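Hello,

Here is the structure I promised to pass on. Please open it first, then read my notes below.

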Amino acid sequence: MRRSLGTIAYGNLANAVSILGVLPLCLLFLNDGFQYLIPLIVYNNFMDDLDGVLAGKLNIRSEFGAILDNVCDAFSHTLFVMLVVMQYTDITAGANIVTVALVLTGLGATTALLLRVVSRLSPERTTGTGSPTNELVRHLLFVLLLENIYDFTAAPVLIAVFALHAVSMLAPFRMPYLIRSLTKSATAISLVNVAIVVAWLVPSTTLMIAACFVISYLYSFGRGCIAGRQNAIPL
């Protein structure tokens with residue numbers, strides 16, 4: 001009996017990490033929940049990577065685990081996006097261009113995020129195309145961090161981030177040059193998470209680390225668009 005319980009616990013270790021990555025997000029529903037957003041994004045990103053590493057290293061990948069991971073991503077990443085939209089939407093200012101654009105692009109990014117997750121609920125249907133939803137969340141994190149450091153108006157930058165990701169998450173081409181896509185080993189994944197923590201805790205490094213992620217994203221997106229266009233043109 002103990003052995004069977006131990007086997008079950010071992011086989012579901014990655015699934016437990018997926019769930020633990022989401023549970024603390026209940027803090028975001030508090031009245032002052034936005035103050036916890038940055039540390040919770042960092043935490044959720046780490047746990048999302050950890051469950052994948054554990055599943056691979058321990059050879060405990062399963063269809064249920066893949067579905068659970070997608071569902072957890074859908075919940076957490078949608079929550080992050082919507083909380084950012086609500087925080088930066090100034091209702092008292094009326095329906096100005098920035099407010100409308102922020103809401104529309106935020107809804108567009110959320111819709112693309114959910115469509116991407118739903119399309120990947122069945123592991124055999126995974127195509128490996130487009131940008132992952134956690135890439136959007138990392139970019140939101142960098143915008144929030146840089147706003148705190150340089151005191152600029154984040155709404156226009158957020159609009160650009162939402163608009164780009166609304167397209168790239170559903171793009172029919174691969175984006176293999178993303179920093180996170182290039183990291184395959186547990187050590188490399190750990191270093192990426194260390195870089196994100198450093199960007200959070202050491203403001204002098206934030207701009208440089210953010211630039212590395214954004215440039216790799218734009219390069220991947222641009223290369224994918226060019227390759228897709230060339231493939232669509234008959235010779």
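The accessible surface of the protein chain is about 12600 Å². Carbon and sulfur atoms account for 69% of that surface. Bear in mind that this is a predicted model.

Now the fold. The protein chain has 10 helices and zero strands. Its C-alpha atoms fill a box of roughly 65 × 60 × 35 Å along the principal axes. A compact globule of 235 residues would have a radius of gyration near 18 Å, and the 19 Å of the protein chain agrees with that. Of the 235 residues, 43% count as buried. Take the contacts between residues at least 6 apart in sequence: 76% of them join residues at least 24 apart.

Next, the inside. The largest nonpolar core has 44 residues. Leu28, Val84, Leu140 and Leu158 are among those with the most contacts inside it. Several helices each supply at least two residues of this core, including helix 3 (37–57), helix 6 (133–150) and helix 7 (155–168). Helix 4 gives the largest share, 10 residues. Leaving aside residues up to four places away in sequence, Leu158 touches Val84, Tyr88, Leu102, Leu140 and Val143.

Last, helix 9. It has 16 residues and spans 22 Å from its first C-alpha to its last, close to the 22 Å expected. Its buried residues are Ile189, Val192, Asn193, Ile196 and Ala199. They sit on the same side of helix 9, because they cover an arc of only 115° around the axis. The face turned away from that buried side carries the exposed residues Thr187, Leu191 and Leu201.

Best wishes

How values were computed:
Residues numbered from 1 in each chain as written. Predicted model: local features only at pLDDT ≥ 70, side-chain atom pairs only at ≥ 80, totals over all residues. Heavy atoms only, no water. Core = buried A, V, L, I, M, F, W, Y, C linked by side-chain atoms within 4.5 Å. Buried < 20%, exposed > 50% of the residue type's maximum accessible area, 1.4 Å probe, protein only. Helix = DSSP H or I, 4+ residues; strand = E, 2+ residues; numbered from the N terminus. Contact = heavy atoms within 4.5 Å. Expected span 1.5 Å × (residues − 1). Arc of directions from axis to C-beta. Rg over C-alpha atoms; globule rule 2.2 N^0.38 Å. Areas by Shrake-Rupley, 256 points an atom, 1.4 Å probe, with all protein chains shown as cover.
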